[in-house]
Every structure is written in C-alpha cells, then in structure tokens.
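Hi there,

Here is the structure I promised to pass on to you. Have a look at it first, and then read my notes below.

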Amino acid sequence: MKGKTGFSTNTADRLLVDAAQVVLNYGEITETNLGATRDGTSFNLNRTFREMPFDGMRGPTKGMKRRERIEASIACNLLEMTKANLQLAIAGATDYTPDPADPDFDYIHGGPVADADYIDNVALVGTLSTGDDVIILIFNALPDGPLDFSTADADELVLPITFIAHFDPAEYDDETGEWEEPWEIRFPVAAS
C-alpha cells in the first residue's frame with residue numbers, strides 16, 4: 001500500500017539545515033559576528049491578537065481580529081566569553097576603571113538602559129540545503145531577562161542571551177494607525 005506524502009522533487013532544496021549564525025547590526029558598517037553558540041539558536045515571533053466580540057458571534061469571524069502585542073526575539077547560548085559579550089548580555093551595563101586603576105581586570109557594572117544600548121538589528125543567518133542564506137532580523141534589540149549561568153566540571157560555560165525586538169517610538173506617531181512590526185525575514189527569491 002502506498003502512503004501519501006508531501007515530498008516532491010523540490011523538497012531536498014527547501015530544507016533549512018545545520019546551525020545558524022547570530023550577527024549584530026547585520027548589513028551595517030558595525031556588523032559583528034556574536035561568536036560561537038551551543039545547542040542551536042531560535043527565533044520566536046510571539047504575536048497576540050484580540051478577537052473583537054459582537055452580539056450573536058458564533059465563533060472566530062474573519063476580519064474581527066486585530067494585532068494587540070508583538071514580541072519578536074532571537075535567543076542563543078553563547079559559548080565565547082568576552083568582556084564585550086558580558087556587557088552585551090546585561091542591558092545598561094558599562095565598563096569602568098576603578099580608583100586606583102587595576103591593570104589586571106576590566107570592570108563591568110549595571111546601570112540604566114540608554115538609547116545607545118539598543119542594537120540596530122540582530123540577525124539569525126541560516127542556510128537552506130541549496131546553500132542560500134535565510135536571514136531573520138529583529139530591530140532595536142535589547143537583551144532581556146536575567147543573566148543566569150553556571151559552571152560544571154568537564155564542561156564549558158554558556159551565556160544564554162535572549163534579544164527582544166522593540167518598536168521605534170516614531171511608529172507611534174503614524175497618523176494612519178498602521179505600524180510595522182520590528183522584525184523581518186529575508187528569504188531567497190531563488191528558493192521561493
């Protein structure tokens with residue numbers, strides 16, 4: 001007996017394969033590879049919709065939903081431990097020189113989140129089985145959540161970081177009431 005399948009001659013060219021790379025400020029002069037990661041990376045598009053109820057409503061009705069909240073994120077477990085990566089993982093963190101100066105250590109401490117702490121974009125760059133890149137971007141990104149990591153014998157420390165996209169305040173001035181969500185996916189035309 002033959003089973004049904006969605007497999008086609010194009011299937012092998014439509015697979016997103018292997019690990020992805022996390023890039024800060026993708027496509028900008030300040031583009032930087034975040035570093036080696038472990039246990040994969042992830043993109044989460046948490047979109048909340050509100051059902052607008054009306055008298056006599058029998059169930060979900062076409063046209064009666066509106067976007068309520070968008071929270072896009074990219075998460076990774078960063079393997080490379082540097083001063084810059086530690087600062088990046090703690091929103092508002094700054095480095096400073098103690099008095100008297102300590103030539104053996106760089107010092108980092110927390111502080112308020114400033115506009116300069118937001119990263120223009122964070123990209124998750126993956127690869128299709130054809131070799132073409134698929135690029136997922138979040139904009140105005142800031143690391144969110146607690147800084148929580150631990151060490152163990154015969155293992156390496158990983159620094160879990162979740163970057164959250166933020167709306168640009170200029171979006172709130174749009175008189176049309178329409179707003180762009182702070183994320184995008186760039187999918188190669190050749191693979192579409």
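**What I found**

The protein chain has a radius of gyration of 21 Å, whereas a compact globule of 192 residues would have one near 16 Å. Please keep in mind that this is a predicted model. Along the principal axes, the C-alpha atoms fill a box of roughly 70 × 50 × 35 Å.

How many helices and strands does the protein chain have? There are one helix and ten strands, and along the sequence they follow the pattern β-β-β-β-α-β-β-β-β-β-β.

Of the 192 residues in the protein chain, 24% are buried. The accessible surface is about 13100 Å², and carbon and sulfur atoms account for 50% of that. The protein chain also carries 14 positive and 34 negative charges, whose mean positions lie 19 Å apart.

Now for the inside. In soluble globular proteins, nonpolar side chains tend to be buried together. Here, the largest nonpolar core has 19 residues, and L24, L34, I119, V122, I138 and F163 have the most contacts inside it. Two or more residues each come from β1 (16-24), β4 (65-78), α1 (83-89), β7 (119-128), β8 (133-144) and β9 (159-164). The largest share, four residues, belongs to β4.

A second, separate core has five residues, among them A123, V125, I135 and L137.

Happy exploring!

Terms used
Residues are numbered from 1 along each chain as its sequence is written. This is a predicted model: local features need pLDDT of at least 70, side-chain atom pairs count only at pLDDT 80 or more; totals for chains, interfaces and linings use all residues. Side-chain values use heavy atoms; hydrogens and water are left out. The radius of gyration is taken over C-alpha atoms; the globule rule is 2.2 Å times the number of residues to the power 0.38. Buried means under 20% relative accessible area, exposed over 50%, partly exposed in between (1.4 Å probe, protein chains only). Accessible areas come from the Shrake-Rupley method with a 1.4 Å probe; for residues, only the protein chains shown count as cover. Lys and Arg count as positive and Asp and Glu as negative; His and the chain ends are not counted. The place of a charge is taken as NZ of Lys, CZ of Arg, CG of Asp or CD of Glu. A nonpolar core is a set of buried Ala, Val, Leu, Ile, Met, Phe, Trp, Tyr and Cys residues joined through side-chain atoms within 4.5 Å.
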